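Please look over the sequence and the structure first.

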Amino acid sequence: MKVGRNDPCPCGSGLKYKKCCLVENNALPKDLKQEYFRKYNIRLKEISDIEALKKAGDLVVRTLDLAEQHIKAGVKTKQLDAIVHEFTLKNHAVPACLNYRGFPKSVCISVNEEICHGIPGERDLKDGDIVNIDVTSILDGYYADASKTYFVGTPSAKARKIVRIARESLKAGMAMVRPGNTIGDIGWAIQKYAEKHECSVVREFVGHGVGFEFHEAPQVPHYGVKGRGIKLVPGMVFTIEPMINLGRKELHILGDNWTAVTNDGSLSAQFEQTLYVTPDGFESLTPYDLNEPLFK
């Protein structure tokens, strides 16, 4: 008989299965945790950590959903930042971006040719823009991280293409996440898909471990060689966040020392989720529909 997570535990303790024997059955081997920390500085997460991360991830997704409601032509990016900031605090969490290494705002908002780390300010969104909103929240000491790219008004054919390729690139990378595969498999799948559609993959910024801190080991490049890199094991938690350019991959950083933009002025899009490697695959801790239309 299959026992659900919220069913009474068959051991007769009176507790829900998820609070009793499920924890014991899924506990990570001590030697595996020690090995991955010693060799790679990777801190594998226990079931109790995952439950806390799910709460943080749920808040991140709800924050993105709220920001989406306010995306329209004429809205300033600083207004979206204020919405994210206030909602995060209202939910007893902390915006991880604020003051992180000097970053001055609570969320990264990147428009059109901006690849990532855009600083919200006086810029007005315009009809036809694409805008990426990247939210990281700290709830009860746990970090979760996700982003989406949205259309403002009516998108051009080029905007439709790059957003679709970025979204499908994330899906391609996620499909590689299961025990026994490698970090290189993730990057290989993303690079293969993006380049097949004549787009390029940004090299300078990568996915990363997350959970106890904003950025942890391992780094997760969005390009690579199949079979190379660290082997995935249950308990790993990391982001996949491919930044895909419609033109060439080269970039530069603006004078604010944060905003990365494409050298050739081509559009760039990104989607990101926080993933947990389970014994038989993966689970998104920041789940949202990767098939949904992102029109406004």
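K45 is buried, with a relative accessible area of 2%; buried means under 20% relative accessible area, exposed over 50% and partly exposed in between, with a 1.4 Å probe and protein chains only. The model is predicted, so local features need pLDDT of at least 70 and side-chain atom pairs count only at pLDDT 80 or more, while totals for chains, interfaces and linings use all residues. Residues are numbered from 1 along each chain as its sequence is written, and side-chain values use heavy atoms, with hydrogens and water left out.

**Surroundings of K45**

- K45 sits in the loop that runs between α2 (30-40) and α3 (47-69); helices (H or I, at least four residues) and strands (E, at least two) are DSSP runs, numbered from the N terminus.
- A polar atom of the K45 side chain lies 3.4 Å from the backbone oxygen of V210.
- Not counting residues up to four places away in sequence, K45 touches L28, I50, L53, V210, G211, F212, E216, G235 and V237; contact means heavy atoms within 4.5 Å.

**Surroundings of C199**

- C199 is placed in the loop between α6 (183-196) and β6 (200-201), and counts as buried at 5% relative accessibility.
- Residues up to four places away in sequence aside, C199 touches K161, I162, I165, A194, I244, N245 and L246.

- A269 belongs to strand β13 (residues 268-270), and its 1% relative accessibility makes it buried.
- From A269 to R167 the C-alpha distance is 8.4 Å, although they are 102 residues apart in sequence.
- Beyond its neighbours within four places in sequence, A269 is in contact with I130, T149, I162, V163, A166, P242, M243 and I244.

**The protein as a whole**

- The protein has six helices and 15 strands.
- Its radius of gyration is 19 Å, which agrees with the value near 19 Å for a compact globule of 296 residues; the radius is taken over C-alpha atoms, and the globule rule is 2.2 Å times the number of residues to the power 0.38.
- The C-alpha trace spans about 60 × 45 × 35 Å along its principal axes.
- Of the 296 residues, 53% are buried.
- Among contacts between residues at least 6 apart in sequence, 67% join residues at least 24 apart.

Key. Polar contact = N/O pair within 3.5 Å; in protein donor to acceptor, adjacent residues only side chain to side chain.
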